[in-house]
Amino acid sequence: MITQMKKYTFLVFHRDYEPFLTQLRDLGVVHITQKAAGLIEDDEKLQAALQHEDELRHLLKQGAPDQLIQELANIKQSIEDAKNAASQVAVWGDFDTERIDALSKAGYTLRFYSCGANAYQEKWGIKVSEKEGKTYFVSINENNENDVALENDATLLPAPEKSAAQYMQEVEHLKGLMAAANARIEAWQLANLEDIKEQLKEARQQIDWQRVTLSTDKLAEGSLCLFEGFCPIDKEAELNAMLESAQVYFESEEPAKEDNTPIELKNNFYTRLFEPITRLYSLPNYAELDPTPFFAPFFMLFFGLCLGDGGYGLVILLAGLAVIFKAPKLKEWGWLGVFMGLTTMVVGILTGMFFGINLEEVAVLAPVKQYFITETNATVHFMGGAYHPMMVFAILIGIFQILFAMGFKVVKITLRDGFKYAAYDCAWLVALVTLIVWFALSGSLSPIGLYTIYGILGLCALFILFYSNPDRKVLLLNVGGGLWGTYNMVSGLLGDVLSYIRLFALGLAGGILGNVFNALALQAGGACPSWIGWLPTLLILVFGHSLNFALCLISSVVHPMRLTFVEFYKNAGFEGGGKEYKPFAKH
C-alpha cells in the first residue's frame, strides 16, 4: 500500500531559515519538494559538491589513492612480464649471462636460432632443447663471421637478456615489493577509510542542503523563505510538535492531484519481498493503488510454472535458506528464494517432474501416479481436441489475472475520480465475466437465465458504445470512441491470453531437456566399464542440469516480469511515474 502523505508549506524569516532547516534535518521526516533538475543542477556550488562526492565514492570504492593503486598495478604487471619472459627463455636452459658477455669480449659471437626438429643439422651449432616440434640451438662464431645457418631453414631469435632462473628471481623480488605495496594500502585504509566514510556522509548532507536551499523561493526582497514538503501521516504528530516550538509559519493540507507527492510503500513481510520488482518498472503515482500486493501471488505462481521442476525448486529453497542464515543483510532476497522455491517444488511434484525424472514412470510411485497432473491422467477434451492440463491451466490463470487487473482498474478509478469514469471499464469487465458464464453454462441455462444474460450484455453494450468518455458531450464522438475501444479490447485480449501459454511451454521445455540429459548420462555410463561408468554419468548430470537450471531460471524470471509489466499493468491501467519518498535527514 501507499503511505498517506500530508503536504506542508513553510514560510520562514531569512534569519531563522538555516536553524529551521537544521531542525527539519535532525527530525528527518519531511521530503522537501525540489525544483526541476535543470533549474538547480547547474549551480556551481552544487556541482562542486557533487564532484567532491564522486571523488569520495571513487576513493572508497578503490580502497586507496590512485597513486598507491597504480603502484600496485605496475608491480603486478611487472610480475606478469617477468613470468612471460621466463617462459620464453626457458628453451635456452639455465645459462650464465656473465659468461656470454665474457665470450663476446673475447671476440666470439653467439647467435640463437630455432628450426623444425627434422631440419636441424649439427654443423649449424649446439643444440640446446626441443619444444613443440622445434629445435633451439646456438651458433658460436669467431670475429663475427656469418653463420651457415643463416642460409638454411633456421630463424634468428633475439638473444636472451636473462636466464629463466634470473627472471624467476626477479619475480620473487617483485612479490616482495607487491607485499610491501599491499601493506601500504592496508595501512592507508586503517588510517583513512572511516574518515572517508564520514566525509562522504557530510558531502551527501551538503548536497541535500544545497538542493533544498536552491528549491526555496525568496520573497519580500529575500526577507522571507518559502518552500514545500511532504510528511507521512504516521509521523505528522512528531513534525507538528516540532513546528509549534519553531520560528516558522506553516500550513498542512491534503496533497492535490497536480502535486508530485512522494511515494512510500508500506507492505507486510510477504508483499515487501516483491517491492524490488515494482521499483524495477516504476513506482505508482500517489493517485494510484500499489500494485505490489496484487501481482505478488501471481508472480510467485508464474515463476513456479515456468521452472516446473521440483528438484530445481529444492535447490532454490536451500539456496534461499543459506542466504537467510549466512548473509543476514540479504535475508529478504533469501526469503524470496524460499517462497519461489516452495512454489516450484509444489508445481513440480504435482506435475510429476523432479530433476528431469518423470515421477509417473518411477516404479515405487506407481500407487500414486494417477494423482499427478499429467497428460496421461488429466487430458482436457474440448471441441473435439485433446489438450495438456497445464496448458489449459495456464490459459485459465491468464484469463483470471486479466479480469482481476480490469477489476483493479475499476476500483482505482472509482476511488480517484468517481464511478462514472470507471463505468466504461466496469461494463467491459461485467460483459467479459457474463460471456464466460454463458460459455461455461451453455446448454444448461433456463430461458430466464438466458434472457438475463442477454439483458446484462445489452446494458454493458450501451455503456461501451455511448459512455466511453463521460466528459464528451457529442454522442457520435462517444460512439466512435466506443467502437475503437472495442476493436482494441478484442484484439488486445486475444494476444494477452495467448501470452500465458508460455507458462506451460517453458515448464514443459525445461522438463524435457532435463529428461534428455538424464538419458544421455545413463547411456554414457552404460557404454563404459562398470568401474568407471559412474564418472561420465556424473559429469553429464552435473553439466546438463546446471545448464538447464540456468536457462530455466532466466526464463522463469523474465517471462513472469513480462506478464506483470505488460499484461497485468496494461489491463490494470497502471500509470506509474511516482517519485520515492526521501526525507531531508542526516545520513
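The model is predicted, so local features need pLDDT of at least 70 and side-chain atom pairs count only at pLDDT 80 or more, while totals for chains, interfaces and linings use all residues. Residues are numbered from 1 along each chain as its sequence is written, and side-chain values use heavy atoms, with hydrogens and water left out.

Me: How do you know that the span of helix 3 agrees with its number of residues?
Reply: The expected span is 1.5 Å times one less than the number of residues. For the 19 residues of helix 3 (residues 44–62) that gives 27 Å, and the end C-alpha atoms are 27 Å apart, so the two agree. Gly63, with a positive phi near 90 degrees, follows helix 3.

Me: What makes helix 1 oblique to helix 6?
Reply: Helix 1 (residues 14–27) and helix 6 (residues 164–214) pack at about 125 degrees, with axes 12 Å apart. Angles under 35 degrees count as roughly parallel, over 145 as roughly antiparallel, 65 to 115 as roughly perpendicular and the rest as oblique. The angle of helix 1 to helix 6 is therefore oblique.

Me: Which residues of helix 1 and helix 6 meet?
Reply: Tyr17, Glu18, Leu21, Thr22 and Arg25 in helix 1 meet Gln205, Trp209, Val212 and Thr213 in helix 6 (contact means heavy atoms within 4.5 Å).

Me: Why does Val364 count as exposed?
Reply: Buried means under 20% relative accessible area, exposed over 50%, and partly exposed in between (1.4 Å probe, protein chains only). Val364 has 67% relative accessibility, so Val364 counts as exposed. Val364 lies in the loop between strand 12 (357–358) and helix 13 (375–378).

Conventions
Helices (H or I, at least four residues) and strands (E, at least two) are DSSP runs, numbered from the N terminus. Axes are lines fitted to C-alpha atoms, for helices over the stretch in contact, and angles run from 0 to 180 degrees between N-to-C directions.
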